[in-house]
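Walk through this structure with me, one region at a time. Keep the sequence and the 3D view side by side.

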Amino acid sequence: MDSTDRVHMVGIHGIGGIGKTTLALALYNFIADNFKGVCFLENVRENSQKYGLVHLQNNLLCKILGKEGVQIIGVKEGISQIQRRLSQTKVLLVLDDVDEHEQLTAIAGKPDWFHPGSRIIITTRDKHLLTLHDIERTYEVQGLNEEESLDLLQWKAFKTDIINPRYKNVLTRAVTYASGLPLALEVIGSNLFGKDLEQWESAMDQYEEVLDNKIRKILQVSFDALGEDVQSVFLDIACCFKGYKSVEVTAILQAQYGRSMKYHIGMLVEKSLIKIDHLFRITLHDLIEDMGKDICREKSSKVPGKHSRLWFYKDIVKVLEDNQGTSAIEIIHLEFPLFRKEGGEDPSKKEKNDDVEVKWDGTAFKEMKNLKTLIIKNGRFSRGPKYLPNSLRVLEWRRYPSRYFPSNFNPEKLSILKLPDYLYMLPKLDSLSKVSVLNSFLGFCMFAN
């Protein structure tokens, strides 16, 4: 930002509530005195939707030139006015919360619109917009660390650095819940300002049970802007595939949808809804994961058997043991957590999740006519399945409880199979002429369709 002979456009991107606007405002206040004209154009997304691009162009010129008489009628006229008037003045312009490329082309189309030395700062949830606008200098805002999170929470909740030690555990709980998201810390701190310890603990119970509406509203903006197919892929990942290697998720989703989902996954990365870490695993913020699961629950009946996706082990066990399966179910992802044994808080004293038993009669899959992905990571079953849906595209069952597939199961649609080694020679699999199998459970078995 030191060069004075060039126009610099800088992009700041990240998930909703991560602090993009706060960072841009701090930078704006720090360097504003170095410019003849300054403008912090806030809430570009919202104001563009409500009032249109011409309104934003008028606001920009009025704030920088200080002339209430500037009146633009159309977007093209606004572009011409901005180019003509701002090319003569070194300006600092912040475009906050941009979500459409047309907003950039109408307000800050090219660097040569502005006088040398001008600075244009853009905040957005969509990294692709910055790439599309040829902005080379970009910065992704990261979450707060534990110490920073605690400082922010304490200031919002107590307005002082001196805290009663009795609040230590509940503050730690709140910091863990927020996972470095400033928005969550500010909401919790403001809501619990002046509250006693019992109210804090009660409130945290509520936050952990249901995502706060204010937090969800901010986070869900990015989800609502997605197309239906991309929304569906996001919900699959949020509910079932967090922590998976990206190549594995890509393969599972291709099998699930019958076509490549690479573009959809890439769009979710660009929209800051998911990330791919240095180990090539798909990750997402805990609160974004909670948002996705809440959306899924709301889209479905309160009866688990009528959900399109099942991931919570208690719901899945209930469906299997009580034979509540329906044709609405498309994905089942079962992974039992480690259960704490009675009589202590020692983390080492936990029951292995492989020892948990599902006591069923084996018929629960009979009505799941549209089940495409069945992944069972652990746990034991009292008997093998009597039915498996012919709709299955992905089947992973680490401790498959039989040496045989059901006699009425036709696996011709399977694209991915992961079973214990001894099951790969099942007669049912012999009927598949194009099967590539691995003699280890750790790898994919993919069937060429």
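Lys 50 is exposed, with a relative accessibility of 53%. Its salt-bridge partner is Glu 46, and the N to O distance is 3.1 Å. Glu 46 is partly exposed, at a relative accessible area of 31%. Keep in mind that this model is predicted.

Where do Glu 46 and Lys 50 lie? Both belong to helix α2, residues 44-51. They are four residues apart, about one turn of the helix. An α-helix has 3.6 residues a turn, so residues three or four places apart point the same way.

Asn 43 sits in the loop between β2 (37-41) and α2. Asn 43 is partly exposed, at 32% relative accessibility. Thr 123 is 80 residues away from Asn 43 along the chain, yet their C-alpha atoms are separated by 9.9 Å.

Now move to helix α15, residues 286-299. Here Arg 297 and Asp 294 form a salt bridge, with their closest N and O atoms 3.1 Å apart. The two are three residues apart, about one turn of the helix. Asp 294 is buried, at 12%.

The next salt bridge joins Glu 357 and Arg 380, whose closest N and O atoms are 3.9 Å apart. This pair links distant parts of the chain. Glu 357 is in strand β12 (residues 357-358), and Arg 380 is in strand β14 (residues 380-381).

How many salt bridges does the whole structure hold? A search finds 20. Some charged residues are linked in a network of salt bridges: Glu 248, Lys 377, Glu 396, Arg 398 and Lys 418.

Turn now to the nonpolar interior. Nonpolar side chains tend to be buried together in soluble globular proteins. The largest nonpolar core in this model has 74 residues. Those with the most contacts inside it are Ile 188, Trp 200, Phe 234, Ile 237, Leu 268 and Met 291. Which helix gives the largest share of this core? Helix α12, residues 228-241, supplies nine residues.

Look closely at Phe 234. Leaving out residues up to four places away in sequence, Phe 234 touches Phe 223, Leu 268, Leu 273, Ile 274, Leu 284, Ile 288, Met 291 and Gly 292.

Aromatic rings come next. The structure holds 18 aromatic pairs. One of them is formed by Trp 360 and Phe 365. Their rings are 5.6 Å apart, centre to centre, with 85° between the planes. The pair is edge-to-face, because planes over 60 degrees apart count that way. Both partners are buried: Trp 360 at 5% relative accessibility, Phe 365 at 1%. They also belong to one aromatic cluster, together with Phe 381, Trp 397, Tyr 400, Phe 405 and Phe 409.

The charged end of Lys 90 sits over the ring of Phe 35, 5.3 Å from its centre. Lys 159 lies over the face of Phe 193, at 5.7 Å from the ring centre.

Note on methods
Residues are numbered from 1 along each chain as its sequence is written. This is a predicted model: local features need pLDDT of at least 70, side-chain atom pairs count only at pLDDT 80 or more; totals for chains, interfaces and linings use all residues. Side-chain values use heavy atoms; hydrogens and water are left out. A nonpolar core is a set of buried Ala, Val, Leu, Ile, Met, Phe, Trp, Tyr and Cys residues joined through side-chain atoms within 4.5 Å. Buried means under 20% relative accessible area, exposed over 50%, partly exposed in between (1.4 Å probe, protein chains only). Contact means heavy atoms within 4.5 Å. A salt bridge is a side-chain nitrogen of Lys or Arg within 4 Å of a carboxyl oxygen of Asp or Glu. Rings of Phe, Tyr and Trp (its six-membered ring) pair if their centres lie within 6.5 Å; planes under 30 degrees apart count as stacked, over 60 as edge-to-face and the rest as tilted. A charge sits over a ring if NZ of Lys or CZ of Arg is within 6 Å of the ring centre and within 35 degrees of the ring normal.
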